[in-house]
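Subject: Structure handover

Hi,

Here is the structure I promised to pass on. My notes follow below it.

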Amino acid sequence: MTSSALTKPQMRGLLAKRLRFHVVGAFVVSLGVAAFYKFAAFYKFAVAEPRKNAYADFYRNYDSLKDFEEMRRAGIFQSA
C-alpha cells in the first residue's frame with residue numbers, strides 16, 4: 001500500500017492572506033450597498049413622488065357618485 005503524504009497547513013502569512021480577501025470583499029459589499037441606496041433615492045424622487053402626486057391630483061376632484069352613474073348608464077353593472 002502506498003500512502004499519500006498530507007500537505008502541511010500554511011502557518012506563516014495566513015492572517016495577511018485572509019485579511020486581504022476579506023478587505024476586498026467588504027469593499028465590494030459596501031459599494032453595492034451604496035449603489036442600492038443611490039438607486040432607492042432615485043426611485044423615490046423619479047417614480048414614487050410623481051406617482052403619489054398623480055393619485056392626489058386624481059382624487060382631489062373625483063366624484064364617485066358621478067362615476068357610478070356613468071358606469072350604470074353604460075351598462076357595466078348587472079344588478080344596479
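R60 is exposed, at 57% relative accessibility. Keep in mind that this is a predicted model.

Salt bridges first. The structure holds four of them.

The side chain of R60 meets that of D57 in one, at 2.7 Å, N to O. The two residues sit three apart in helix α1, so about one helical turn separates them. D57 is partly exposed, with 45% relative accessibility.

K52 and E49 also pair through their side chains, at 3.6 Å, N to O. E49 is partly exposed, at 23% relative accessible area. This pair belongs to a network of salt bridges that links K44, E49 and K52.

R72 and E69 form a salt bridge at 2.8 Å, N to O. Both are in helix α2, residues 64–74, three residues and so about one helical turn apart. R72 is partly exposed at 39% relative accessible area. E69 is partly exposed too, at 28%.

Next, the annotated stretch. An unreviewed UniProt entry marks residues 21–43 as "transmembrane region". In the model, those residues are 100% helix and 0% strand. The end C-alpha atoms of that stretch are 33 Å apart.

Last, the surface. V24, F27, V28 and L31 make a nonpolar patch of about 400 Å². V24 lies in helix α1, which covers residues 14–60.

Best wishes

Notes. Residues numbered from 1 in each chain as written. Predicted model: local features only at pLDDT ≥ 70, side-chain atom pairs only at ≥ 80, totals over all residues. Heavy atoms only, no water. Patch = residues over 30% accessible without salt bridge, like charges linked within 9 Å, V, L, I, M, F, W, Y side chains within 5 Å. Areas by Shrake-Rupley, 256 points an atom, 1.4 Å probe, with all protein chains shown as cover. Salt bridge = Lys/Arg side-chain N within 4 Å of Asp/Glu carboxyl O. Helix = DSSP H or I, 4+ residues; strand = E, 2+ residues; numbered from the N terminus. UniProt positions renumbered as here; feature names shortened; annotations may be inferred. Buried < 20%, exposed > 50% of the residue type's maximum accessible area, 1.4 Å probe, protein only.
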